[in-house]
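Me: I would like to learn how to read a few features of a protein model, one after another. Could you take me from strands to helices and then to the loops?

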Amino acid sequence: MSLSKSSIHSALILLVDDTPDNLRLLAKILESQGFKVKKTVSGKMAIQAAQIEPPDLILLDINMPEISGYEVCQQLKLQEKTANVPIIFISALDQTTDKIKAFELGGADYITKPFQELEVLARVQNQLIIYEQRQLLIAQNQHLQQEIQERQQAQSALQELNKGFEKQIIERTKQLQRALEFEERLKRITDTVRDSLDEGQIWQAAVAELAVGLELNCCYATIYNSELKVCSIEYGYSKHSNNICVKNFIEQVTKWSDFYQKLLQEQSTQFCLYLPVSDDGNEQKYATLLCPIFDNQEILGGLWLFKSAEQAFDELEVRLVKQLANQCAIALRQARLYQAAQAQVQELQRLNQLKDDFLCSISHELRNPVANIKSFIQLLETELTGLNQHNQKISQCFTTLHEECEGELQLIQDLLDLQYLNAEFYPLQLTTINLYDWISYTIEVFIIQSQQQQKSLQIQLEPDLPLLTTDISSLSRILRELVKNACKYTPPGETITVTAHQQDDKLHLCVINSGVEIPEVELSRIFDKFYRIPNMGRLTPGGTGLGLALVKKLVEHLDGFIFVESRTREICFTLVLPLLLHTHEDMVRKLDD
């Protein structure tokens, strides 16, 4: 049986997907390989189209309106014209149950969205090959049945000829059985290499499965390094403990770069190998098959197969090796992409750690000089006052210098606190507080400030609030930062409200300010380090962009969470903290650890 590559690439493929973009993308991928493509956007249209002109393969989406891909598959399998047409499901559903259902309904394969071009082409070509091979087998079976009938009708006159027919039947039955065995073996090997992300395991599995499945004397994998322009034997499987002569031969061939490159340009190369007389005095003869592994026209390596010279590699075996080489190429590319991604992640983690170490170090180094500058400013101010040289202009300069120093010290302290929180060096000191007294005391200075700025700061607490056990220093800093931000960005004449209520086993502490909104697109970045909302700075001088980032870290440190909502002329920050007894015990245990 011979499968024509041209007939496979001229096959008619029916695409069924209610998403036009997916149809166009799939059609473009398949048409670029020479396939004929017919497209439908519904299950009903697909069933009609398949009956009018049965395709060679169907790519079927599962989630479609009116009639799902599963129902379409059931109806197609019940109709004679389309019962044997292979169906590949394409869906974003990646649960095992979804895949099992697809195969139980008669699906030949399953591709998970988002799909990769190489995977789609490999699976389509594989199913077309299997489909065409099955059609050939059916045709041969029919031919054999016809021959058997003719032989039975002429049995008396053609008894001698009948013996030959019987031998032919036995031989072809063996071929059919062998073809089915090869199909099953290919599926098993494909599943093995496809599910692995370890390049070494992929090579070793391919070599071992080929050697055992084809009953080879030995099998080796050579890996081609395109950068170093060298090829070396990395993996092998042999019946005997050592095949020095065979390995030496492969190593010599790979050193003849021009010759080896020429060999690898072919899809496969088969030849007979004669090696020098071995230790037992016998000449070694092997039927040898070399099958290169390509990925986007790049040579990844080759598979070397050796068996007794009396048993040349037949067409089925060559096809099996080629198909396995294609699957290995896909698996190797996936493994290398995965390894590259892992390396990038590790490098990003390393760079992030370097950044954190740098910020922590530079913050320590900056804090002392700025503190010294502040001290000398105070000393200079005192000296000038004593010399009666302290006029209004000089006072304004000193005020500005004091404010700048305080800002720089606060920025440095925020950076240090963030680094300590990230490194989990920030200690917890648990205290039980009454929220009614604590909130009023904590924001007292902002109540006075808001009155001076013609704004209203109100406290609204739910009756019978329970006592709260937490780290009072961290919670105070969180509340002050939220109220300070509210005072900064609330226009005159508007209201700032601090509320607290219990919901289930959680305390909800809210800071709400009116007269201002945050654009929807900015909400997701509000707690990012150094991020300031565009156009908000026009209301008041901008800060460092670290305040809310530090708030979020402190909230997480207290085993809580925080979120922000922007409503009509109103912004609400909500802090949620646990109130359960076991939470207190967990926090105590965390402090002890």
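Me: Which residue in S3 does Leu 14 stand opposite?

Reply: Bear in mind throughout that this is a predicted model. In it, Leu 14 stands opposite Ile 58 in S3. The two strands concerned, S1 (residues 12-16) and S3 (residues 57-61), pair in the parallel sense over four bridges.

Me: In what order do the strands of the open sheet come?

Reply: The open sheet is formed by five strands in the order S2-S1-S3-S4-S5, and their pairing is parallel. At the edges stand S2 (36-40) and S5 (109-112), each of which has a single partner strand, so one side of each is left without a neighbour in the sheet. From one strand to the next, the twist averages 20°.

Me: How should I read the packing of two helices, and at what angle do H2 and H6 pack?

Reply: In general, a pair of packed helices is described by two quantities, the angle between the axes and the distance between them. Here, H2 (residues 20-31) and H6 (residues 117-153) pack at an angle of about 65°, and their axes are 10 Å apart. The crossing in which H2 passes H6 is right-handed.

Me: Which residues make that contact?

Reply: On the side of H2, the contact is made by Leu 26, Ile 29 and Leu 30, while H6 contributes Glu 117, Val 120, Leu 121 and Val 124. By class, the residues of this contact of H2 with H6 divide into six nonpolar, no polar and one charged.

Me: What is the phi of Glu 66, and what is that of Arg 569?

Reply: Glu 66 has a phi near 70°, which is a positive value in a residue other than glycine, and Glu 66 lies in the loop between S3 and H4 (69-78). Arg 569, with a phi near 55°, likewise has a positive value in a residue other than glycine, and its place is in the loop between S16 (561-567) and S17 (570-578). As for accessibility, Glu 66 is exposed because its relative accessible area, 68%, is over 50%, whereas Arg 569, at 44% relative accessibility, counts as partly exposed.

Me: Is Ser 42 buried or exposed?

Reply: Ser 42, placed in the loop between S2 and H3 (43-52), has a relative accessible area of 17% and is therefore buried, the cut-off being under 20%. A polar atom of the side chain of Ser 42 lies 3.3 Å from the backbone nitrogen of Met 45.

Me: Where is Asn 296 placed, and how many residues separate Asn 296 from Ala 329 in sequence?

Reply: The place of Asn 296 is in the loop between S9 (283-295) and S10 (298-308), and Asn 296 is exposed, with a relative accessible area of 57%. Asn 296 and Ala 329 are 33 residues apart in sequence, while in space they are 9.1 Å apart from C-alpha to C-alpha.

Key: Residues numbered from 1 in each chain as written. Predicted model: local features only at pLDDT ≥ 70, side-chain atom pairs only at ≥ 80, totals over all residues. Heavy atoms only, no water. Axes fitted to C-alpha atoms, helices over the stretch in contact; angles between N-to-C directions. Left-handed = near helix turned anticlockwise from the far one by under 90°. Contact = heavy atoms within 4.5 Å. Nonpolar A, V, L, I, M, F, W, Y, C, P; charged D, E, K, R; others polar. Pairing = 2+ DSSP bridges. Buried < 20%, exposed > 50% of the residue type's maximum accessible area, 1.4 Å probe, protein only. Polar contact = N/O pair within 3.5 Å; in protein donor to acceptor, adjacent residues only side chain to side chain.
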